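Visitor: Please show me the model, and then let us go through it by question and answer.

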Amino acid sequence: MKKTTQNLRIWIVGGSQGIGLELVKIWLAQGHSVIASARNAEDSADLADLKQRFTKLSCLNLDVTDAADCQAKSHQAWSLHNGLDMWFYNVGAYQPMRIKEWDWESFKFMNQANYLGAVSLMLALQPLFSKQGAGRWVWNASLASYFGLPYGGGYSAPKAALVNLAESLQPELAEADIQLQIINHGFVKTRLTAKNTFEMPGLVEPKQAAYLINKGLQKSSGFEIRFPFGLRAMLSLLKVLPYRWSLGLTKKMLNKET
């Protein structure tokens, strides 16, 4: 199965707002056939506007916390264009929590959105891609997966699990001619980062993040696409320092207010 770069069949899960919506716009402008999924994708005003201008856009509601829905919608998305060239998992949920405010339901939802939803879809899609004999999977993780920071563990822990899973699966998938890549990016101005009360270094708009992601996918076949440099360098340093130093540094990030 060979497709030209101007005629790709793309399914983006998490494509109704933020980075996902901007990627949908980029890919449609490039001439690709795009299926945009989200919990309420079929009711999205932004996607409806795009559908009026681009005939190659389809919208498909999907709840990634529902394994049965993931199974059914995977087959539905696959059948829309008789296969897929790229599956892009872009779902994210974030709720900062202090340990005394830790909420099980919020943590469970973050795990479903940031990690287990990708697994549910993977179980349905892997046999289809393997039978097709080629494909590309892209999982949008986060630089937060590099090192756990105060109050953000509910988000970064499942993102780290997603990256670890991708590392584990990449060699097997490569043997089946399925390319798996991860995106580790920094702070993007969305409804999620609006919850933060601290200064976010390297903060970019969703349009800029989508541009960098698409540029990275066009130029690189490497396992990881990551940006921005400054935040990546800082978190990479925390990862390699002895814990007595790295944890000493992150302790200074604690908000001392009660």
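Cis peptide and overall fold

Guide: Pro 228 sits in the loop between strand 7 (224-227) and helix 7. Helices (H or I, at least four residues) and strands (E, at least two) are DSSP runs, numbered from the N terminus. This is a predicted model, in which local features need pLDDT of at least 70, side-chain atom pairs count only at pLDDT 80 or more, and totals for chains, interfaces and linings use all residues. Residues are numbered from 1 along each chain as its sequence is written, and side-chain values use heavy atoms, with hydrogens and water left out.

Visitor: What is the omega of the peptide bond from Phe 227 to Pro 228?
Guide: Most peptide bonds are trans. The bond from Phe 227 to Pro 228 is cis, with omega near -5 degrees.

Visitor: Is Phe 229 buried or exposed?
Guide: Phe 229 belongs to helix 7 (residues 229-240). Buried means under 20% relative accessible area, exposed over 50%, and partly exposed in between (1.4 Å probe, protein chains only). Because its relative accessibility is 61%, Phe 229 counts as exposed.

Visitor: How many Å apart in space are Phe 229 and Gly 186, C-alpha to C-alpha?
Guide: In sequence, Phe 229 and Gly 186 are 43 residues apart. In space, C-alpha to C-alpha, the two are separated by 9.2 Å.

Visitor: Which side chain makes a polar contact with the side chain of Gln 181?
Guide: Gln 181 is placed in strand 6 (residues 178-185), and it counts as buried because its relative accessibility is 0%. A polar contact is a pair of N or O atoms within 3.5 Å; within protein, one must be able to donate a hydrogen and the other to accept it, and residues adjacent in sequence count only if both atoms are side-chain atoms. Leaving aside neighbours within four places in sequence, the residues in contact (heavy atoms within 4.5 Å) with Gln 181 include Trp 137, Trp 139 and Phe 223. The polar contact of the Gln 181 side chain, at 2.7 Å, is with the side chain of Arg 136.

Visitor: Which residue has its backbone nitrogen 2.8 Å from a polar atom of the Asn 114 side chain?
Guide: Asn 114 is in helix 4 (residues 104-132) and is buried, because its relative accessible area is 0%. Not counting residues up to four places away in sequence, Asn 114 touches, among others, Val 91, Gly 92, Tyr 155 and Leu 162. The backbone nitrogen at 2.8 Å is that of Ala 93.

Visitor: What is the phi of Tyr 151?
Guide: Most residues other than glycine have a negative phi. Tyr 151 is in the loop between strand 5 (135-140) and helix 5 (153-175), and at 25% relative accessibility it counts as partly exposed. Its phi is positive, at about 75 degrees.

Visitor: What is the phi of Asp 177?
Guide: Asp 177 lies in the loop between helix 5 and strand 6. At 53% relative accessibility, Asp 177 counts as exposed. Its phi, positive in a residue other than glycine, is near 60 degrees.

Visitor: What radius of gyration does the protein have?
Guide: The protein has 8 helices and 7 strands, and buried residues make up 48% of its 258 residues. The radius of gyration is taken over C-alpha atoms, and the globule rule is 2.2 Å times the number of residues to the power 0.38. For 258 residues a compact globule would be near 18 Å, and the protein agrees with this, at 18 Å.
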